[in-house]
Amino acid sequence: MPSLGRLGGGSSSTASRLSVSVEGQYIDAGGEQLWVDVLRAALAHGLTPRSWTDYLHLTVGGTLSNAGISGQAFRYGPQISNVQELDVITGLGEMVTCSKKKDADLFDAVLGGLGQFGVITRARIPLVPAPTWARWVRLLYTGAAALTGDQERLIDVERGDALSGLMDYVEGTVVADEGLIGSWRSQSPSSSSSSFFSGPDAAARFAKLAEEAGGVLYCLEGALYYGGAAGGERDVDKRLETLLRELRYARGFASVQDVSYVEFLDRVHGGELKLRAAGQWDVPHPWLNLFLPRSRVLDFAAGVFHGILRRGTTGAMGPVLVYPMNRNRWDGGMSAVFPEEEEVFYTVGILRSAVSEGDLGRLEEQNDEILRFCEEAGIACVQYLSYYADQAGWEKKHFGPAKWARFVERKREYDPKAILSRGQRIFTSPLA
Ligand SMILES: Cc1cc2nc3c(=O)[nH]c(=O)nc-3n(C[C@H](O)[C@H](O)[C@H](O)COP(=O)(O)OP(=O)(O)OC[C@H]3O[C@@H](n4cnc5c(N)ncnc54)[C@H](O)[C@@H]3O)c2cc1C
């Protein structure tokens, strides 16, 4: 048996629920632990998990009940694809240790299972040697086709293209109107070693580019890890040189910043603190997260980014994310629902906050309009982190017949009295 080192970044109760095995290259984390503490505990041994969410102050059990996605998922899959073993208490009160080798059906059911089959009390997460630094790159684009074309080259790790795999993290954002441009700029690196935000005419250049692009800009956001296990600075310089030569961003609109690996992974926390101070964190978040097939992403961009989101200004703020993932890094046997028809699918996260009177209603209406648009345009999208008011919504709009049948079967097996996570409104009464 490998020896277990009990370590953690937080309180002693946190520490006792985070155990790193250096020999085994994994961490055992309590389901209630925050990912930021998982990171600290692993880094104490020079190790790190591979797949993340954008925001780290979420629990292990919470993200594993959904999928857990961020810009590393193209390479390593979502967090649910990066679990070796789980301890679960099922709705029958049984405590089961499960994995792909033992009680595999329960393991697959729970991962992405929306808390319907059991409570995750421990997850074993594989670790790899950690890098020390991240070179954080932001490149502005004037069109969705150029952005998505480049993103797809970057995530195509198997093709051997000049760009494939050069970035360790690939995301993208839509920078849509004056308000969004303003909020996006204020979150951007202030001490960039090279930035299109610096210089006396930066704002004017930015505005001119936005005007030329018809009011909608896109940003490719990427990171290259280096130092420690990830290789030296010279290598990262070369990788960046290739990227800046090959990618089709608007020349002169590149921002590059070196930050520590931790600072990069925990980047959203800084924004959280600012929003908290402004009283804008604990406000309603009518988020809409969608997975859509690669073949329809440009239709979606035309209809939504250049259409629906441009109409009707709201005081609302928040990022709009768009980035692709490789389907073969997802496991169709698990409960998470994702588009399975094409090799690549996109995630679009419209992550706005309702900050002013009337925002919430307007944003919810806009979300409905986006879903109607997809339906009418025949864009087969699936909601991620979805909410439906009743079982029919989950069955028909989310799972579809085959996945629904399997979901119900598993519910019958592991929580027939429907005592777990009733708040999701998937099952509100015992199964017959
Ligand atoms: C600010 C913010 C940023 C986010 N960013 C991302 C992101 O970048 N990528 C991403 O993929 N998601 C993201 N999410 C969504 C996140 O994955 C889900 O909201 C997740 O449920 C959050 O975990 P939590 O600890 O807050 O869960 P909670 O809100 O505590 O729980 C949500 C549900 O998860 C289930 N659950 C929770 N714990 C367990 C457990 N131990 N066992 C079984 N079921 C459990 C239950 O059904 C519960 O109702 C974000 C959420 C927020 C609030």
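Visitor: If buried means under 20% relative accessible area and exposed means over 50%, is Thr148 buried or exposed?

Guide: This is a predicted model, and in it Thr148 has a relative accessible area of 6%. That value is under 20%, so Thr148 counts as buried.

Visitor: Where does Thr148 lie?

Guide: Thr148 belongs to helix H6, which covers residues 144-155.

Visitor: And what does the side chain of Thr148 reach?

Guide: The side chain of Thr148 comes to 3.3 Å from the backbone oxygen of Ala145. Apart from neighbours within four places in sequence, Thr148 is in contact with Val297, Leu298 and Tyr346.

Visitor: Turning to the ligand, how many residues surround it?

Guide: The ligand is surrounded by 23 residues, and the closest are Asp54, Thr59, Ile69, Ile120 and Tyr384. By class, this shell has 10 nonpolar, 12 polar and 1 charged residues.

Visitor: Which domains does the shell draw on?

Guide: Domain 1 (5-128) and domain 2 (133-384) each contribute at least three residues to the shell around the ligand. Helix H3 (60-64) and strand E7 (118-126) each supply at least two of the shell residues.

Visitor: How far is Thr59 from an oxygen atom of the ligand?

Guide: A polar side-chain atom of Thr59 is 2.6 Å from a ligand oxygen. For Tyr384, an N or O atom in the side chain is 2.6 Å from an oxygen atom of the ligand. Ile69 takes part through its backbone: a polar backbone atom of Ile69 lies 2.8 Å from an oxygen atom of the ligand.

Visitor: How much of the ligand does the protein bury?

Guide: The protein buries 68% of the 950 Å² that the ligand exposes when taken alone.

Visitor: What follows Tyr384 in the chain? I am curious about Leu385 and where it lies.

Guide: Leu385 is in the loop between strand E16 (382-384) and helix H14 (391-414). With a relative accessibility of 43%, Leu385 counts as partly exposed.

Visitor: What is the phi of Leu385?

Guide: Leu385 has a positive phi of about 55 degrees, although it is not a glycine. Most residues other than glycine have a negative phi.

Visitor: What about Asp103, and what is its phi?

Guide: Asp103, which is not a glycine, has a positive phi of about 50 degrees. Asp103 sits in the loop between strand E6 (95-98) and H5. Its relative accessibility is 41%, and it counts as partly exposed.

Visitor: Which loop holds Gly112?

Guide: Gly112 is in the loop between helix H5 (104-110) and E7. Strand E7 is also one of the elements that supply residues to the shell around the ligand.

Visitor: Is Gly112 buried or exposed?

Guide: Gly112 is buried, at 4% relative accessibility. Not counting residues up to four places away in sequence, Gly112 touches Leu64, Ser65, Asn66, Ile80, Ser335 and Ala336. In space, Gly112 is 8.1 Å from Thr63, C-alpha to C-alpha, although 49 residues separate them in sequence.

Visitor: Now strand E11. Which polar contact does Tyr226 make with Asp258, and at what distance?

Guide: The side chains of Tyr226 and Asp258 are joined by a polar contact of 2.7 Å. Tyr226 lies in strand E11 (residues 217-226) and is buried at 5% relative accessibility.

Visitor: What else is Tyr226 in contact with?

Guide: Beyond its neighbours within four places in sequence, Tyr226 has contacts that include Pro131, Thr132, Trp133, Ala134 and Arg135, as well as Gly231, Gly232, Glu233 and Val236. The C-alpha atoms of Tyr226 and Arg135 are 7.7 Å apart, with a separation of 91 residues in sequence.

Visitor: One more residue: where is Gln280 found?

Guide: Gln280 is in the loop between helix H11 (267-277) and strand E13 (288-293), and it is partly exposed at 27%. Leaving out neighbours within four places in sequence, Gln280 is in contact with Leu275, Met317 and Val355. Gln280 and Met317 are 37 residues apart in sequence, and their C-alpha atoms are 9.9 Å apart.

Visitor: Finally, how many helices and strands does the protein have?

Guide: The protein has 14 helices and 16 strands. Of its 432 residues, 54% are buried. Among contacts between residues at least 6 apart in sequence, 72% join residues at least 24 apart. The protein exposes about 18200 Å², of which carbon and sulfur atoms supply 52%.

Notes:
Residues are numbered from 1 along each chain as its sequence is written. This is a predicted model: local features need pLDDT of at least 70, side-chain atom pairs count only at pLDDT 80 or more; totals for chains, interfaces and linings use all residues. Side-chain values use heavy atoms; hydrogens and water are left out. A residue is near a molecule or strand if one of its heavy atoms lies within 4 Å of it. A polar contact is a pair of N or O atoms within 3.5 Å; within protein, one must be able to donate a hydrogen and the other to accept it, and residues adjacent in sequence count only if both atoms are side-chain atoms. Accessible areas come from the Shrake-Rupley method with a 1.4 Å probe; for residues, only the protein chains shown count as cover. Helices (H or I, at least four residues) and strands (E, at least two) are DSSP runs, numbered from the N terminus. Ala, Val, Leu, Ile, Met, Phe, Trp, Tyr, Cys and Pro count as nonpolar, Asp, Glu, Lys and Arg as charged, and the others, Gly among them, as polar. Domain bounds come from an automatic or database domain assignment. Buried means under 20% relative accessible area, exposed over 50%, partly exposed in between (1.4 Å probe, protein chains only). Contact means heavy atoms within 4.5 Å.
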